[in-house]
Amino acid sequence: MSGFGGFVLRRGIGTVITLLAISVIVYVVFFVTPGNVAQITCGPRCSPEQVHQVAQQLRLDDPLYLRYWHFLQGILVGQDYSTGTSVEHCSAPCLGLSYQGDQQVTQLILTKLPASLSLVFGAMVLWLILGVGTGVLSAWRRGRFTERLLTGITLAGVATPVFVIGLVLMIVVCGQLQLLPFPQYVALTDDPEQWAWNLLLPWLSLALIEAATFARLTRASMLETLAEDHIRTFRAYGVGERSIIGRHALRGAFAPIIALNANNVGSAVGGAVLTETLFGLPGIGQELVHAVNVVDLPVVVGMVLVIGFFVVIANAVADVLYAVADRRVVLA
């Protein structure tokens, strides 16, 4: 196949191969780590016979390649797990059972995912508005005090860690000014108004960091586009500066913005660990930290694979959107 359809097909096949490679690497890395998983799962007071029984239940005596095959089989078609007293079926996509409580990892992730997605996509709206708007204004006011001020602010935003911004916002906005309550996650389906009100501060904390990157990219892309010949032609014909900025220059600079945004959405799902921990949001980031602390390997592997899935899918979407914005990518 050739053309745009062939490009999408090739990108889709590459995405599947990448996801498979990530699953192999993540599984091998985590399950060849030192330590007796059966002993950790059973507890320090278990006898050697009990530890051996737990190892059999978890199939830890099987070769690593066979355990990975069962793991991959569970993702594709599901599988049955022995909990000692009964057999539990885990429907596809099955990421295994947690060592702590025999809870299905997929169900655990699904209960935590809405908070993470609420954080990321709400912050995405803010970082696009703030970042693109600041970048356009900075390029428009090039050489003036406004540009120097905005450039300094964006540099400070890029250099400041998210937990510092989050702490400052909580102290000032929630503590001193009392403009917002300390965040307590409320599900969107329960109360949309309280959902947005309680997530506003986490959104700002994450968005201000990302907005600085978008502002710098937008400014650079806008300045490059404004220096092209067709923009000079528009100006020579007397087209207004606002029309040139909004209708022509921004459109030409939008392709890299689309690509960066798709990439950031994927990475932000995994990178929101600090934000979720700081504000106490019950997302996959906070759950991942807990799973690492209790050495719950199936949960850690499942969480990392889900985060990797979002990163890979976001990159694939970025490539497709970039090809839509610039068809030269299809022919490359």
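**View 1. How much of the chain is buried.** Buried residues make up 40% of the 332 residues in this protein chain; buried means under 20% relative accessible area, exposed means over 50%, and partly exposed is in between (1.4 Å probe, protein chains only). This is a predicted model, where local features need pLDDT of at least 70 and side-chain atom pairs count only at pLDDT 80 or more, while totals for chains, interfaces and linings use all residues. Residues are numbered from 1 along each chain as its sequence is written, and side-chain values use heavy atoms, with hydrogens and water left out. The chain comes to 14 helices and 2 strands, taken as DSSP runs numbered from the N terminus (helices are H or I with at least four residues, strands are E with at least two). Look at contacts with a separation of 6 or more, and 62% of them are between residues 24 or more positions apart; a contact means heavy atoms within 4.5 Å. The accessible surface is about 17,600 Å², and 64% of that belongs to carbon and sulfur atoms (Shrake-Rupley method, 1.4 Å probe; for residues, only the protein chains shown count as cover).

View 2. Helix α8 runs over residues 192-226, so to speak 35 residues in all, yet its end C-alpha atoms are only 42 Å apart. A straight helix would reach 51 Å, with the expected span being 1.5 Å times one less than the number of residues. Follow the helix to Leu200 and you'll find a kink of about 45°, shortly before the proline Pro202. The bend at a residue is the angle between axes fitted to the seven residues ending there and the seven starting there.

**View 3. A nonpolar patch on the surface.** Nine names to spot here: Phe163, Val164, Leu167, Val168, Ile171, Val172, Leu177, Leu179 and Leu274 form the patch, with about 770 Å² of accessible area together. Patches take residues with over 30% relative accessible area and no salt bridge, joining like charges within 9 Å and nonpolar side chains (Val, Leu, Ile, Met, Phe, Trp, Tyr) within 5 Å. Helix α7 (residues 162-176) gives the most, with 6 residues, and Ile171 sits in that helix.

**View 4. Two spots in the loops.** Ala92 and Pro93 are joined by a cis peptide bond, with omega at about -5°. Pro93 is in the loop between β2 (87-90) and α5 (105-140). Over in the loop between α7 and α8 is Gln178, which isn't a glycine but still has a positive phi of about 55°. Gln178 counts as exposed, at 63% relative accessibility.

**View 5. Salt bridges across the sequence.** The whole structure has 3 salt bridges, each a side-chain nitrogen of Lys or Arg within 4 Å of a carboxyl oxygen of Asp or Glu. In one of them, Asp319 meets Arg11 at 2.4 Å, N to O. Asp319 lies in helix α13 (residues 297-325) and Arg11 in helix α1 (residues 3-31), so this pair ties together parts 308 residues apart in sequence. Asp319 is partly exposed at 30%, as is Arg11 at 22%. Lys112 and Glu287 also pair up, at 3.9 Å; Lys112 is in α5 and Glu287 in α12 (residues 284-293), so parts 175 residues apart are tied together. Glu287 counts as buried, at 14% relative accessibility.

View 6. Asp229 and Arg232 form a salt bridge, their closest N and O atoms being 2.7 Å apart.
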